[in-house]
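Visitor: I would like to learn how to read the inner spaces and packing of a protein model. Could you take me through one, feature by feature?

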Amino acid sequence: MQVDYGKRIWRWSPWVAVTAGLVFLAVPSITRSQSKANGDKPNDNTSSSYDQIAPVLLGKESFQEVLTRDKADKESVMARQMKLLEQRYDLTSRPDPKVTMSRGKPIQVGPTARLPQGMTWEALAAMSSDQIRDKGLFPRGYLPLPHPKHEVGGMVFPQMEIKMLPRLQRFDVDFDLPEQFLPEFPPAIYLTTRPDLGDVSQGKVVTVDNFQEIFRGILNAKDLEGMRLLVTQFPQQQFNGTADRKTEQPIGMQGVACFDCHVNGHTSGATHLVGDIRPQSHRRRIDTPSLRGVNIQRLFGSQRALKTIEDFTEFEQRAAYFDGDQVSAAAKGINPLERGSQVHFMAEVQELLDFPPAPGLGLDGKLDPRKLGPDTLEMQGQKLFFGKAQCSTCHPAPFYTDNLMHDLKVERFYKTQTINGLVATAQGPIKTFTLRGIQESPPYFHDGRLLTLEDTAEFFNLVLELKLDANEKKALVAFMRQL
């Protein structure tokens with residue numbers, strides 16, 4: 001709508017509406033006076049979608065008050081989460097003596113999930129889902145994993161990354177999973193356009209300070225601009241300039257970068273909560289997925305089913321960065337990306353990120369028997385993967401994803417329960433993530449509840465009721481390590 005006032009033309013738009021709403025919320029004295037004059041009394045039990053952002057917009061609580069309270073609570077918050085992890089998992093480091101990631105970090109051997117007392121994997125797999133649920137025997141390590149501070153959520157980064165980038169430290173919570181169960185840091189970078197170069201990372205974390213020296217002569221000018229945007233900080237729900245932030249460092253107040261979570265186009269294992277579920281207790285923990293191989297993917301977001309990497313790139317900053325709250329985003333400094341240049345440039349760089357080399361695979365994406373031998377454990381695992389284990393139903397070669405979403409209905413194995421602020425109940429369909437390069441992307445499943453590939457094999461053996469024996473599960477893991 002346009003209104004002509006003399007020489008000025010005013011356009012009404014949704015953004016004007018949001019801005020007007022913020023101005024209205026920022027000057028509450030008028031409405032309070034009217035309410036008092038009318039004899040209205042505020043209802044303390046009434047809650048609304050604005051409750052979470054009220055401290056930001058109305059200034060009811062100073063940053064120093066937030067800082068003091070959160071620091072005082074941090075020890076108890078982390079003690080609660082670590083107690084849960086110890087109850088769920090054997091967190092002892094058991095590195096494989098031979099198998100490593102691209103830059104040398106050993107792969108952990110599992111399974112790590114603790115079984116109920118007196119139970120074995122074989123005995124558990126012989127039971128029906130109803131029996132396991134009614135007797136409360138589903139391994140706690142395979143229940144949905146809560147955020148380390150689920151009542152608040154937000155991006156939390158591993159300590160190995162914070163040591164290099166201190167601006168990512170939160171004063172209210174720390175990352176919870178031990179470093180041995182996370183991807184190597186920094187991860188290697190492979191490009192679809194320059195496979196001849198191998199790892200181009202130079203052993204560095206790509207940042208706004210060094211991306212030019214790392215990629216000069218490898219990327220063109222447009223892609224260098226896309227990379228610059230991927231390593232540039234932008235405001236986010238916990239890292240911004242309001243009193244509601246969770247950083248006390250001025251540089252942290254500038255925000256986070258895409259490649260803070262997706263380090264080097266891969267992942268550090270940083271965690272978050274999905275933005276498009278309410279109430280807070282039902283939001284899912286998200287283990288940051290790798291961006292390797294997004295060129296062959298057709299769905300983005302674990303449950304949002306976004307159709308392009310451009311959509312994902314744009315909407316992450318518009319929505320996920322701010323927990324799906326556009327009013328809070330406006331208050332904290334949202335950075336809308338321009339689709340035709342910024343989003344396009346960023347997406348083009350992401351499309352260049354390749355999987356790590358898999359020398360055992362042939363042109364069809366399956367193992368080459370001339371390289372591994374026809375009777376090896378890996379070849380036995382491949383036969384199971386495409387047969388009895390049913391893995392290829394959702395993870396077909398050559399890229400080991402069907403680009404669809406599936407509901408495993410894991411909730412049939414346990415009763416709805418609240419775990420450290422998370423309501424563990426039915427979780428719905430989840431995107432099929434690619435298994436190429438899977439050994440370099442622990443932990444597994446969308447929320448990181450499966451710490452090793454052995455845990456993944458045990459989990460799916462139960463959930464799909466496959467009745468695999470110990471040797472078959474071992475062979476299946478051996479095959480996945482070749483991908």
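Visitor: Which residues line the second largest cavity?

Guide: A cavity is, on a 1 Å grid over the protein atoms alone, a set of points where a 1.4 Å probe fits but cannot get out, and lining residues have an atom within 4 Å of a point. Here the second largest cavity is lined by Leu-124, Ala-125, Met-127, Ile-132, Asn-461, Leu-462, Glu-465, Leu-466 and Lys-467. By class, the lining holds six nonpolar residues, one polar and two charged, where Ala, Val, Leu, Ile, Met, Phe, Trp, Tyr, Cys and Pro count as nonpolar, Asp, Glu, Lys and Arg as charged, and the others, Gly among them, as polar.

Visitor: Before we go on, what kind of model is this, and how are its residues numbered?

Guide: This is a predicted model, in which local features need pLDDT of at least 70 and side-chain atom pairs count only at pLDDT 80 or more, while totals for chains, interfaces and linings use all residues. Residues are numbered from 1 along each chain as its sequence is written, and side-chain values use heavy atoms, with hydrogens and water left out.

Visitor: Which residues have the most contacts inside the largest nonpolar core?

Guide: In soluble globular proteins, nonpolar side chains tend to be buried together. A nonpolar core is a set of buried Ala, Val, Leu, Ile, Met, Phe, Trp, Tyr and Cys residues joined through side-chain atoms within 4.5 Å, and buried means under 20% relative accessible area, exposed over 50%, and partly exposed in between (1.4 Å probe, protein chains only). The largest core has 44 residues, and Phe-138, Tyr-142 and Phe-385 have the most contacts inside it. Helices α5, α15, α16 and α17 (470-480) each supply at least two residues of this core. A second, separate core of 42 residues includes Cys-261, Phe-300, Phe-322 and Val-343.

Visitor: Is Glu-316 buried or exposed?

Guide: Glu-316, which sits in helix α11 (residues 309-318), counts as buried because its relative accessible area is 18%. A polar contact is a pair of N or O atoms within 3.5 Å; within protein, one must be able to donate a hydrogen and the other to accept it, and residues adjacent in sequence count only if both atoms are side-chain atoms. The side chains of Glu-316 and Arg-304 are joined by such a contact, of 2.5 Å.

Visitor: Where is Pro-398 placed?

Guide: Pro-398 lies in the loop between α15 (377-385) and β7 (405-406), and Pro-398 is partly exposed, with a relative accessible area of 34%. Contact means heavy atoms within 4.5 Å; leaving aside neighbours within four places in sequence, Pro-398 is in contact with Asp-364, Gly-365 and Arg-436.

How values were computed: Helices (H or I, at least four residues) and strands (E, at least two) are DSSP runs, numbered from the N terminus. On a 1 Å grid over the protein atoms alone, a cavity is a set of points where a 1.4 Å probe fits but cannot get out, and a pocket is an open set with protein on both sides within 12 Å along at least five of seven lines; lining residues have an atom within 4 Å of a point.
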